[in-house]
Amino acid sequence: MNTFIALICAVSGFFLVHGAWSLVKIYGRGDRRTVQQRLALLKEEGGFGGLPSILRKDAFNKLNWFSTFPSTGSWMKRLDLLFQQAGVSYKPATFISISVLAGVVCFYITSFLLGFLTASLFGLIVLVMPIVWIIRKKASRMEKFQVQLPEGLDLIARSLRAGHTFLNGMRMVAEEFEDPIGIEFGKTLDEINFGVSMEVALEKLVERVDCMDLKFFIICVNIQRETGGNLAEIIANIAHIIRERFKLKGRIQVLSAEGRLSALILILLPFGVVVLFNTMNPGYLQELIDHPLGNKIIAGTLAFMAVGIVVIKKMVAIKV
């Protein structure tokens, strides 16, 4: 146990020193030094006539030592995409360092107070909570984008009917709407203005935004650019279909409200009964907790409840 605690202390010290040094490197340099480094990089790539890459080479925010480990490139890229979709300014390696450091420190502190197993549980929770927060933030941002998309498509359709180009319509959306649709459309316009083809820029927009309706919109735009047609009418029809789907989804939510409420009651009922019995008769459940067979019964009950929760969630979650 002492050896394990010493190892944990060493790991936590390593993350603490590395994180502090990374913060010093990131925030300790001035704008002048940043400009000099970019000019030097531009000179190495052939000057202004050499057409350097317009995309910033992301080194995971000065913590690219993660990418030196085997088989980390692919999942680090997926994690970086998750952070972009969540609209978080932190880079994955920085966030991982902070999460691991917080989990280790939490385990180290609670191990002296609550024991090894409880400390491990608290450390794991602290380690996983930031990633869960990122996933929920991504889901919330993508849902907001989906709600904004019909209004943005209507604005593009109206601008096309008024005689503007498709890019001007996207620029109106970028200027008139807030995050996320305004920011994402603005990034796409910046890429096009810097020389990226429209098809590639739209594909990158689909990669950054996890929205099926946006994919349909981009596919329709690409087909129209190749075959021709009334793009304003196509975009207006897509916006109408999205709104009708929202209405259908709302009706399904209303009709499934009873099932979702029943599921919530069934999930909370066992815990409520345990709290009630423990309040009325504190020693009633003590034998179930102390006896080895009782522990197995509790573990089996929780496992069956988890399976039931998954099944009920699948039953009431109807995709439209």
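**Exercise 1.** State whether Phe83 and Phe95 are buried or exposed, then classify their ring pair.

Step 1. Phe83 and Phe95 are both buried (under 20% relative accessible area with a 1.4 Å probe, protein chains only; exposed is over 50%, partly exposed in between).

Step 2. The model is predicted: local features need pLDDT of at least 70, side-chain atom pairs pLDDT 80 or more, while totals for chains, interfaces and linings use all residues. Residues are numbered from 1 along each chain as its sequence is written, and side-chain values use heavy atoms, without hydrogens or water.

Step 3. A search of the whole structure gives three aromatic pairs (ring centres of Phe, Tyr or six-membered Trp within 6.5 Å; planes under 30 degrees apart are stacked, over 60 edge-to-face, the rest tilted). Phe83 and Phe95 have ring centres 5.2 Å apart and planes at 80°, so their pair is edge-to-face.

Step 4. Phe83 sits in helix 3 (residues 73-86) and Phe95 in helix 4 (residues 92-114) (helices are DSSP runs of H or I, at least four residues, numbered from the N terminus). Ring pairs join Phe83, Phe95 and Trp133 in a cluster.

**Exercise 2.** Classify the pair of Phe166 and Phe217, and locate both residues.

Step 1. The centres are 6.1 Å apart and the planes at 40°, so the Phe166–Phe217 pair is tilted.

Step 2. Phe166 is in helix 6 (residues 166-176) and Phe217 in helix 9 (residues 212-227), so the pair ties together parts 51 residues apart in sequence.

Step 3. Phe166 is buried at 9% relative accessibility; Phe217 is buried at 1%.

Notes. Helix = DSSP H or I, 4+ residues; strand = E, 2+ residues; numbered from the N terminus.
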